[in-house]
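Open your viewer and load the model. We will go from the whole chain down to single residues.

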Amino acid sequence: MHHDVAVVGGSFAGLSAALQLARARRRVLVVDAGLPRNRYSSEAHGMLGHDGKSPAQILDEGRAQLLAYPSVEFVNATATAAREHEGGFALSLDDGSERNASRLILATGIRDELPAIAGLHERWGVSVLHCPFCHGFEYADRALGVLANHPLSTHQAGMIPDWGPTTYFTQATFEPEEAEAAHLARRGVRIERVPVVELLGAAPHLDGVRLADGRVIELAALFTAPTSRMASPLAEQLGCEFEDGPLGRYVRVDPMKATSVSGVFAAGDAAAAMQSATLALAAGAMAGVGAYQSLLKAA
């Protein structure tokens, strides 16, 4: 079957895009391998109507709602390649099949690259976190830390005191400038310049961190800003233009989420400098509408 739109990625942005198209009675293919970026988190927060649900539950509900539309097809696979084909696009899947569509929406997400510190990876999404709006409330008034991994880490350290007493670990690399240090002092942030070398406690929970000089500092949660890279090669294969964001590259899109390649749209973490599930839902809806409008113009 030739689809009107193929959506690559079945997390928040992809499902939201597919829903708009399904309601417009367009033939939609959703290709997803079931590995969303937020699979490490047990709860999603800040999403109206879904606060406190697990990301998996929200996505399961979304898929079930989409499958009620007869024009939607799901394929559990990874799209390994994409190319322009006969006025549309051809997707190669890792199950050996090829699928065709007139328009393409990339909701492929990103991969987080975390600091190489003992005990950090196994706590990611539970007690090692990136977004205080998503997870800070659950750790309110407990000892918190910010692990510097990027020049923007000082900005993050200035936010975290709204949730609890904060220590900023410079890792002997990301020393705040004079104005930044003054701001952190006004916010009551303690600055620790000896690097963190190990996270302590029964993972995925956190009891504290060990420093290079042997000292232990008790913490309930540690925030950091991971760098990122594309989770899929499709945007680059198709020739989409990219922007350089503060934590990694992302696909350049216009207000309707159209990329620089005609007929290709992108939404979610792969196409935004700021990421959250709520923002991904909104961007996915716009991408779905953008793809629909593109089909309409070509009719």
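A residue counts as buried when its relative accessible area is under 20%. Keep that cut-off in mind. This is a predicted model.

**Stop 1: the whole chain.** You have seven helices and 19 strands to find. The radius of gyration is 21 Å, close to the 19 Å that the globule rule gives for 299 residues, so the chain is as compact as a globular protein of that length. Along the principal axes, the C-alpha atoms fill a box of roughly 65 × 35 × 35 Å.

**Stop 2: inside and surface.** Of the 299 residues, 48% are buried. The accessible area is about 14,000 Å², and carbon and sulfur atoms hold 52% of that. Next, colour the charges. There are 25 positive and 33 negative ones, and their mean positions lie 5 Å apart.

**Stop 3: a cis peptide bond.** Select Ala203 and Pro204. The peptide bond from Ala203 to Pro204 is cis, with omega near 15 degrees. Pro204 sits in the loop between β12 (196-200) and β13 (208-211).

**Stop 4: two residues with positive phi.** Go to the loop between β10 (166-169) and α5 (178-186), where you will find Gln171. Ala172 lies in the loop between β10 and α5 too. Gln171 is not a glycine, but its phi is positive, about 60 degrees. Ala172, also not a glycine, has a positive phi of about 55 degrees. Is Gln171 buried or exposed? Gln171 has 16% relative accessibility, so it counts as buried. Ala172 is exposed, with a relative accessible area of 57%.

Technical notes: Residues are numbered from 1 along each chain as its sequence is written. This is a predicted model: local features need pLDDT of at least 70, side-chain atom pairs count only at pLDDT 80 or more; totals for chains, interfaces and linings use all residues. Side-chain values use heavy atoms; hydrogens and water are left out. Helices (H or I, at least four residues) and strands (E, at least two) are DSSP runs, numbered from the N terminus. The radius of gyration is taken over C-alpha atoms; the globule rule is 2.2 Å times the number of residues to the power 0.38. Buried means under 20% relative accessible area, exposed over 50%, partly exposed in between (1.4 Å probe, protein chains only). Accessible areas come from the Shrake-Rupley method with a 1.4 Å probe; for residues, only the protein chains shown count as cover. Lys and Arg count as positive and Asp and Glu as negative; His and the chain ends are not counted. The place of a charge is taken as NZ of Lys, CZ of Arg, CG of Asp or CD of Glu.
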